[in-house]
There are 6 protein chains.
Amino acid sequence: MNNFTHLDDQGQARMVEVGGKEITRRLAVARGEIVMRPETLDMIISGKVTKGEVFGVARVAGIMAAKQTSSLIPLCHPLNLTGIDVQFRPDQDNNKIEIEASVRITGQTGVEMEALTAVSVAALTIYDMCKAVDRAMTIGAIRLIHKSGGKSGVFEREPIKENQ
Amino acid sequence: MNNFTHLDDQGQARMVEVGGKEITRRLAVARGEIVMRPETLDMIISGKVTKGEVFGVARVAGIMAAKQTSSLIPLCHPLNLTGIDVQFRPDQDNNKIEIEASVRITGQTGVEMEALTAVSVAALTIYDMCKAVDRAMTIGAIRLIHKSGGKSGVFEREPIKENQ
Amino acid sequence: MNNFTHLDDQGQARMVEVGGKEITRRLAVARGEIVMRPETLDMIISGKVTKGEVFGVARVAGIMAAKQTSSLIPLCHPLNLTGIDVQFRPDQDNNKIEIEASVRITGQTGVEMEALTAVSVAALTIYDMCKAVDRAMTIGAIRLIHKSGGKSGVFEREPIKENQ
Amino acid sequence: MNNFTHLDDQGQARMVEVGGKEITRRLAVARGEIVMRPETLDMIISGKVTKGEVFGVARVAGIMAAKQTSSLIPLCHPLNLTGIDVQFRPDQDNNKIEIEASVRITGQTGVEMEALTAVSVAALTIYDMCKAVDRAMTIGAIRLIHKSGGKSGVFEREPIKENQ
Amino acid sequence: MNNFTHLDDQGQARMVEVGGKEITRRLAVARGEIVMRPETLDMIISGKVTKGEVFGVARVAGIMAAKQTSSLIPLCHPLNLTGIDVQFRPDQDNNKIEIEASVRITGQTGVEMEALTAVSVAALTIYDMCKAVDRAMTIGAIRLIHKSGGKSGVFEREPIKENQ
Amino acid sequence: MNNFTHLDDQGQARMVEVGGKEITRRLAVARGEIVMRPETLDMIISGKVTKGEVFGVARVAGIMAAKQTSSLIPLCHPLNLTGIDVQFRPDQDNNKIEIEASVRITGQTGVEMEALTAVSVAALTIYDMCKAVDRAMTIGAIRLIHKSGGKSGVFEREPIKENQ
């Protein structure tokens, strides 16, 4: 016996059957950040084009990655996500960019992995686009901050914005 | 003008031409971690099967993700990686699991994004397998620790082990 | 404010939430063409094997591409398509091959992108198979000709055949 | 006219429309085997780590492949599988490993191709991991053993275990 | 016998062997266009954010699609592209947006399919982002305009810009 | 210690480093079969269109799958295959269709997994296209029959045809 739903009685991996669960509208919100040198952050956000392009490419990467979650995370269920948002908030006081992804579905299982994957790949994309000028950036604080819509009720690690 | 190699003169994204660069053997090593409740870490590493299976699934996920890097990160070059290793080190003093990925290639461009992607997806997979018991785990400290083989010389953020 | 549903209030890309839309049976039909030298068209349709194989490979490519639409078009929703048809009509008077794709779903959003993607990739596949003999072929007139099943009612640019 | 549902009246391939079929809970179970030299089988199952790792990697490969079925098999419908299990049974009397995959869905079409694909890719993965020591292994007996939940009723080629 | 390199002596599809061809640096440039209502074009290019975002998303889509060409076009060789550029030129006199993609490789086979695929998917992405306001847009004139680096010499359908 | 190149000293999976191996031209040929009821085989091969279409779709599926091998088999290296052929031979005496795939590369590692994957997916595709009339077909005898070009010399399990 174990408490890992992704392992069966023999402790072996499986994609756990969710066919008996209720279909509900679900939302997951995840956050993360990429910390960099002040000059790197300046370079990104000082030029309007540059900022738009770095965040624009990273946003598309995050959105597309969310849709690939079940191809990347072995035991995740394939899901028809109904909505994905990825936002960036530069924070010059702390030399970092905060990333937030919101993912929605009407289905039998939650979408926290999709939100966490969107944040991770958006962060990796920023790293990729800026690595020529700052190889020591660090990606961190990737975490689930909100989850609602399933049997286990609402999980609220941090407040989310009104319009979500 | 800008210093981002992934943006052209107008600040627009491109997959930068590397056809003129030298073909060399290259290595990139990245690290990251997933922090969790002590009980969660205990559950993973106390059972031999459980530990093998959680790390085994996450290792495969990391290796396979490294091979998908150019499909995930928009401006990464498609590359024929020659070797990928992913390792896990449970650290009970700090309630976390450290993840390390080493990626090798003989080619015209580095593989740091592949190593960072392997670490990120391995961490996400551990999160996925344990989220039923601990939703508040945090993934962090994802960073490049070593890079060698290219024109820009060796980058060494932290010592790597002898046998790499 | 803007009229692009794929952009939010700040003009930033998102995969727009469709979870509140009604589930209906939907159909989209798209057409396109590839124009070529008369000799090239002759070569394709004169040999029974050749014709079957060129159209056969292009048909499979179109069907498979329709299923990859949400991986290719960044803001498209992942969808469980229920039916896909791809047809070819050689037109010797105008030195071209007409391509038509019909895609069906029972869902919350339309499948016009899937139909247009099927046509585009089928056309590209014909180009690929014939480019050794005719590099100057041109793909064009890729357009939606019919869409039904959603809230916005029926869109009918051109008549479709009875049996669709 | 023909009896192949995947071919239309002209004998041309299509992804046949299933939008009018009933949504039911469905299960498909497939089996297969990989036959090898006794020494090879010994090498796999004698070491606890080795066995866990070979079967562990092959299990993940099988589960992930089931989710890719509609990308691999041209006329398969994209489906949101709800559960996947892959099991291995070493059989030293017959110098082989038996592989069994069970796949579940709530949907309009069966999942036998997904179960057969999981078995095939799990077998190929075992071949890959052991080919350095035994190039003459043979994969065979890949077959559907159970299918239930659709209009055509239960198909039962061989008994399945109680707990499925 | 036939002149289609992608068909063998029996007229059957194959991915033709290119292992004996010389490795050279190659370039392919393709163009295409999407024609729309004047108001639609106005909406895209009048707002700085809107224009940046529509072209930004379409550019990323085109770049990523070029890397997926061998997964989409059945008989294309998998290739390690070394560089990809996608550009947009609004043309208000003709109510259209011109799209141009340049793809580079050092390899044994040309990259015209990659350039044509980048243009096609970039056009489809513009269609997707604007279809809520203009369903009758037409994608056309997708053609190869330049190809160099292979045994067959330079193909030049239209002049390309200096800086390519 | 172990003899599995895909497992490291601790018995853990890795994508083994091949960067030091010689680049040579390599060929792998694999075979397999699908056994069915005589009536099913008749149905496939009696109609010219039907036969062309069933084999045509399965051939494309096999070729495309060979290119996806490193995405399917976790420890396989990503490779730029230079040539792929897939052939079918109906055998009415034994109620089966034989499938043969030949894969070529110029590289540092063999392509036997690619050939075996092509055969497996081609067989699965035949199963899929005929399953409505014969659910009890069995796929088997999937084996490597020839491998040449690497350090380990030529492996010859069965004679291959002259023109390969």
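Predicted model: local features only at pLDDT ≥ 70, side-chain atom pairs only at ≥ 80, totals over all residues.
Residues are numbered from 1 along each chain as its sequence is written, and chains are lettered from A in the order in which they are written. Local features need pLDDT of at least 70, while totals for chains and interfaces use all residues.

**Exercise 1.** State which rotation superposes chain A on chain B.

Solution. Superpose by least squares on the C-alpha atoms of residues with pLDDT of at least 70 in both copies. The rotation is 180°, with 0.0 Å of shift along its axis and an RMSD of 0.0 Å. The two copies are therefore related as by a two-fold rotation axis. In chain A, the residue whose C-alpha comes closest to this axis is G140(A), at 1.8 Å.

**Exercise 2.** Describe how helix α4 of chain C and helix α4 of chain E cross.

Solution. Each helix α4 covers residues 112–130; helices are DSSP runs (H or I, at least four residues), numbered from the N terminus. Axes are lines fitted to C-alpha atoms over the stretch in contact, with angles from 0 to 180 degrees between N-to-C directions. The two axes come within 11 Å and cross at roughly 165°. This makes α4(C) roughly antiparallel to α4(E) (angles over 145 degrees). Residues in contact (heavy atoms within 4.5 Å) include L116(C) and Y127(C) of α4(C) and L116(E) and Y127(E) of α4(E).

**Exercise 3.** Give the size of the interface between chain E and chain F.

Solution. Count residues: 22 come from chain E and 17 from chain F. Next take the buried area, the accessible area (1.4 Å probe) that two parts lose on being put together, summed over both. Chains E and F bury about 1500 Å², 47% of it on carbon and sulfur atoms. In chain E, M15(E), E17(E) and P78(E) lose the most area to chain F, together 37% of what that side buries.

Technical notes: Heavy atoms only, no water. Helix = DSSP H or I, 4+ residues; strand = E, 2+ residues; numbered from the N terminus. Parallel < 35°, antiparallel > 145°, perpendicular 65-115°, else oblique.
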